[in-house]
Amino acid sequence: MEFSCATRKSDLEKLDGKEFDVLVVGGGIVGAGITNILSANGLRILLVDKGDFASGTSSNSSKLIHGGLRYLAQGHLLLTRELLKERNYLLNNLDFVKKMKFDILIDDGSWSRPSLYFGLFLYNLLGGKFKLPHFQTEGYSYPGFKGKFTYDDASTDDALLVIHNVVSSVIQGSTAINYLEATSFKDKDEKVETELIDKFGNGAYKVTSKIVVNASGPWVNVAYRDYTSRQIENMKLSKGSHIIFKRDKFGLNNAVAFRSHLDRRQMFIIPKGEVVIVGTTDRFIDNPGESEMSEEERNYILDSVRKIVPSLDQKEIIGSYSGIRPLYGSGDDPGRVTRDFHIDITGKMISIVGVKITNYRAASRKICKQIGTMLQTNIRVTDLPKIVYKRGNEDPLESALMKECALTVEDVLKRRLGYYYNKEDQGKPQVKSIEDRISRLNNQ
Ligand SMILES: Cc1cc2nc3c(=O)[nH]c(=O)nc-3n(C[C@H](O)[C@H](O)[C@H](O)COP(=O)(O)OP(=O)(O)OC[C@H]3O[C@@H](n4cnc5c(N)ncnc54)[C@H](O)[C@@H]3O)c2cc1C
């Protein structure tokens with residue numbers, strides 16, 4: 001089935017004045033997961049994103065599918081159990097979710113050996129495995145560290161997970177349009193009327209829907225304020241940045257978890273194809289559009305990781321990226337705000353804050369049940385959302401452009417092929433040929 005710049009154009013031509021059961025604002029993991037379930041239920045759904053699908057936080061995470069040892073250490077047992085259950089499902093069902101071994105390093109100021117032993121044992125158990133952790137010192141060479149435990153988790157291409165949910169929704173009958181911003185929401189005749197603006201300058205549209213799902217991630221309060229003139233108190237934004245290095249500088253097979261000697265925060269070194277990704281930071285911010293890594297963050301990550309690879313130099317950074325965590329909770333320490341999610345229903349708008357990539361399926365099911373209550377209809381959620389789209393053997397660029405609605409070079413390199421996050425050259429040599437192919441498509 002085609003899902004491309006051409007189908008986008010014809011969807012836009014038919015859009016003005018159209019009525020939907022549900023308008024989903026935000027094509028990150030939350031909006032995509034919900035749309036996928038609602039599509040399987042045969043509802044009339046429009047999903048819009050003001051950028052590309054997954055262009056917000058959902059392509060800028062640490063790309064781990066994990067229970068979060070840190071959440072366990074903070075006492076969030078139920079959340080960790082849910083995340084591990086979801087991790088196991090995704091590992092068993094999606095070929096781009098892959099098992100990853102983690103070496104967790106011990107030094108003087110970090111976790112104590114017995115508490116980590118117990119924590120990992122419990123983590124394995126909650127993940128469905130009776131496995132005793134094993135402490136290792138032999139053949140072990142990180143300077144300043146005494147040894148390591150090794151445990152299993154998983155990693156993925158976060159954006160690809162979103163794209164697969166979006167395309168699955170389209171295959172099941174929904175309309176999904178990227179680069180279309182929802183700019184205002186008004187109650188009108190028992191429905192909500194929403195104004196949408198094409199970010200490529202091709203006009204404005206009005207649609208109506210019985211309800212609006214506000215899955216706009218860091219921007220949830222922008223849409224919420226427009227509709228209610230209030231804001232969701234306790235919603236917080238925390239920025240997290242990562243630096244990308246060449247993999248050969250690190251010479252590792254397993255991912256590494258360690259505590260920064262600067263402030264004892266947990267950090268990760270994650271191998272991805274030809275590179276490693278090192279992060280992350282956790283800083284409260286006010287502006288949801290703040291998507292650049294600051295110099296202070298870069299120095300923090302560099303200084304922290306130099307404890308493991310002392311010879312690392314700033315010149316060896318090949319890329320960086322930042323994401324904004326939409327969180328719901330209180331407290332002054334971003335690291336301690338719960339990573340569980342919050343649902344707000346006000347009038348005909350349902351807003352969601354704080355779903356992780358890992359538990360998007362479980363969260364989407366809970367949210368869809370609430371949507372069913374709002375619509376006074378029974379929504380089937382069992383075994384959903386399902387990925388019904390699978391790439392074939394064709395050229396991945398053709399899949400990206402013709403079946404996954406990539407519209408720009410960045411859409412292709414970051415959110416369809418992932419080269420920005422897993423290749424040393426970040427796909428730069430392909431830019432010209434991708435540009436040519438896109439321009440031929442636009443002129444057809
Ligand atoms: C640094 C970092 C590391 C993380 N690591 C992990 C991890 O390893 N594992 C994990 O499970 N989770 C991780 N997370 C958490 C996870 O990435 C996020 O919780 C999740 O991606 C949030 O998804 P979302 O759909 O709510 O938001 P987003 O992905 O931001 O999606 C919201 C979308 O809404 C769109 N939008 C906004 N306003 C409008 C509008 N008016 N009209 C149309 N569209 C609009 C935006 O363009 C955006 O694409 C991490 C988060 C960060 C920041």
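Start by selecting helix H6, residues 158-171. Of its 14 residues, 13 are buried (20 or more other C-beta atoms, placed from the backbone, lie within 10 Å of a residue's own), so the rest of the structure largely encloses H6. Helices here are DSSP runs of H or I with at least four residues, strands are E runs with at least two, and both are numbered from the N terminus. Remember that this is a predicted model, in which local features need pLDDT of at least 70, side-chain atom pairs count only at pLDDT 80 or more, and totals for chains, interfaces and linings use all residues. Residues are numbered from 1 along each chain as its sequence is written.

Step just past the end of H6 and click Gly 173, which takes a positive phi of about 110°.

Now go to helix H7, residues 220-228. Which residues are buried in this helix? Color Val 220, Asn 221, Ala 223, Tyr 224 and Tyr 227 to see them. Looking down the axis of H7, you will find its buried residues within an arc of 160° (taken from the directions from the axis to the C-beta atoms), so they line one face of the helix. Just after H7, Ser 229 has a positive phi of about 60°.

Finally, show the ligand. Around the ligand are 37 residues (C-beta atom, placed from the backbone, within 6 Å), and Gly 26, Gly 28, Gly 56, Gly 217 and Gly 240 are the closest. Select strand E16 (317-328) too: it gives the largest share of the shell, 4 residues.

Definitions and conventions:
The expected span of a helix is 1.5 Å times one less than its number of residues. A residue is buried if 20 or more other C-beta atoms lie within 10 Å of its own, exposed if 12 or fewer, and partly exposed in between; C-beta atoms are placed from the backbone.
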